[in-house]
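Let's take a quick tour of a few spots in this protein. Have a look at the sequence and structure first, and then we'll go through them one by one.

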Amino acid sequence: MEEELRCYVCKEFYREPVLLPCGHALCRLCAVNLQTHVPEADNASASASDYQEADKASVSSETDSGVVCGSRPNSYAGTPAAPIYPSTAFSLSCPICNKQVYMDDNGAEGLPPFRVMRTIVERFGGVNIAPPAEEACQMCEGEKRAAVVRCEQCSVRYCANCRDAWHPIRGPLAQHELRALGTTCGDHGASPVLYCNTCLIPICQRCLAEKHSQHETQPLSNAARAHKTDLSQSLTQLSEEAKAVTEYIQLVKGSGDKVNESCDELERQIDQACAEITRAVERRRDELVRAARNTRSQAATNMRTLTAHAAQKLREATALLHFSIEALKETDHAAFLQVGNILAARAQDTASGLRESLETPPSPPALTLDIEPVLRTVKTMNFIECIPPGPPEMAVEACAARGCSCTLAWRPPVAPHAVRGYILELDDGLGGLFREVYCGRETVCTIDGLHYASLYSARVKAFNGAGEGPYSEVIGLQTSPVAWFSWDARCASGEGVSVCAEGLSARAAGWQPRVVLADQPLARGVHYWRLRIDHYDGDADPAFGIARADVAKDKMLGSDALGWAMYIDGSRSWFVHGGAHGGRAPGGITPGSTVGILLDLTRGTLRFTVDDQPQGDIAFTGLRGAFYPAVSLNRGVAVTLQPGLPPPPDLLISTLAIE
């Protein structure tokens, strides 16, 4: 069973296991490393076209008229007819079954924890796994344990030990309701009691009121019984079909004797013909081998002769060299002058004629085996497919990187090799392993959704029926060092806020806070942007920061767990996330002030400035995944976005000092 308890990627016992829609498990960190960003254009195409036409996710070819090259047929985890999330931002291919999993902006961080796997690993693997924050006991000190109950009155989760120590079922706490934690609604945390026949999912009472009031529902137990009845009927039908297949197998076995007799005779004929051909080939092989050995023997004799001649010349030159060196040691000048000129002349003559006296080394025999008579009948076949193609040549002049996308082009291999298609590979922008991003016949490909401030390496190879050829040379492409973005106009449709045509200015029209997101997420690098306060009357609490794509749009930014923000008035500010406030700092804003946001995804931190001066310490840490720049406005507050700015040096220095 140990194989089931080890991650397929890292081969270690599961640490924080998550469950994929295909039913397999991965460590959360391994899932994060495997996920790839899905460009927005591919997301739209995937939801509007037949998924079986896709070939490689997240890549589109310009010469394919924008057709998404997604996973091969039957590679979706879940229902292919509809996207799993309203907006697909990430995907990963299950390393076990190769099914493609599509995820929202949370990526692998949003995959559900695999509680059963975690329990079994702790029980049999002897590994203590820290539960996710949303499942951990809130009273444990030091290492957190998994919570087993939650008090509905206290709104606190307890493990078994902390429940007995801090919330005994006696005295004034006896009337509190301790709800066992288990399968719960992903949106509301309540236990499901109904089954929606329209959406085919278990739901709770709040889900019924909010999303499924017009759907057909039934009690969860009734739905289970109905599904068991359907399964029993299907099994009965399957049993009847299996019986028919059994009868067919018996029929096939009955006719097997005649087939065996016919095949035995055919095998005897094949053996006899092949044996005769083999004997002829072996006789000819022996003759050719003897001729080749005679050639090798003659060549070896010639090489020995040339080697002996060269060795003799080398000995003569070496003797003259040593004798001349000894003559140089002569202290009697008159005696040396007797032979000095003679030795110099001999040395020059010997040096000039030493290599000229050597013959050219023998070259290998220019012989090849002529098998044309044997292959004459084979030439009617497409024999060129028996050789894999050569390496393509990267068309460097046509390759370019713009923003967070790049275009790659290459030339076909030199003829006569046939080519059926090409495989383009790209690394992760950090010098990691290459991954396949395109497979097709075109020689131009545009890849979107890359990370800013990253140096990507790319290579391509061709393939045909004989196999894959060698890779081309590796080229590097540098994406933009800073992120350029604007406000997403979709956030302004009927939400009480307006966005200008350029997408840089936003204004609140109502009293209730409204959240506006940027039009693209940030997932890597260090980014700094500012928001200029164009209008502010001192009676509002604008909030500035980052958010996930599905953050609540009708609340102040930071009111739920999908937003990280600083809200500020005319005299002070607070940090807020998940409705929890903290980090109060003096100093407010006035019309004309600028609020800066420094998102350091290398360290996972978020900081704020007011007029380019630090506003408090580091606001948030441990940030991982993709985040959208965001702001929440109300009561006529208007701001203008200034993206792609270099961070203030004082802010970077203070960040390093705090760390």
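## A histidine and its neighbours

Leaving aside residues up to four places away in sequence, His451 touches Tyr456, Thr479, Ala523 and Arg524. Keep in mind that you're looking at a predicted model.

Where does His451 sit? You'll find His451 in the loop between strand 18 (444-447) and strand 19 (455-464). Is His451 buried or exposed? Its relative accessible area is 18%, and because buried means under 20%, His451 counts as buried.

Now for some backbone angles. Glu16 isn't a glycine, yet it has a positive phi of about 55°. Look for Glu16 in the segment before strand 1 (17-19). With 26% relative accessibility, Glu16 counts as partly exposed.

Leu200 is another residue other than glycine with a positive phi, this one near 60°. Leu200 belongs to the loop between strand 10 (194-196) and strand 11 (201-203). Is Leu200 buried or exposed? Leu200 counts as exposed, because its relative accessibility is 56% and the cut-off for exposed is over 50%.

Which residues make the nonpolar surface patch of about 310 Å²? They are Tyr8, Val9, Leu34 and Ile96.

Let's pick out one of them. Ile96 lies in the loop between strand 5 (90-93) and strand 6 (100-103). Ile96 has a relative accessible area of 36%, so it's partly exposed.

Methods. Residues numbered from 1 in each chain as written. Predicted model: local features only at pLDDT ≥ 70, side-chain atom pairs only at ≥ 80, totals over all residues. Heavy atoms only, no water. Helix = DSSP H or I, 4+ residues; strand = E, 2+ residues; numbered from the N terminus. Buried < 20%, exposed > 50% of the residue type's maximum accessible area, 1.4 Å probe, protein only. Patch = residues over 30% accessible without salt bridge, like charges linked within 9 Å, V, L, I, M, F, W, Y side chains within 5 Å. Areas by Shrake-Rupley, 256 points an atom, 1.4 Å probe, with all protein chains shown as cover. Salt bridge = Lys/Arg side-chain N within 4 Å of Asp/Glu carboxyl O. Contact = heavy atoms within 4.5 Å.
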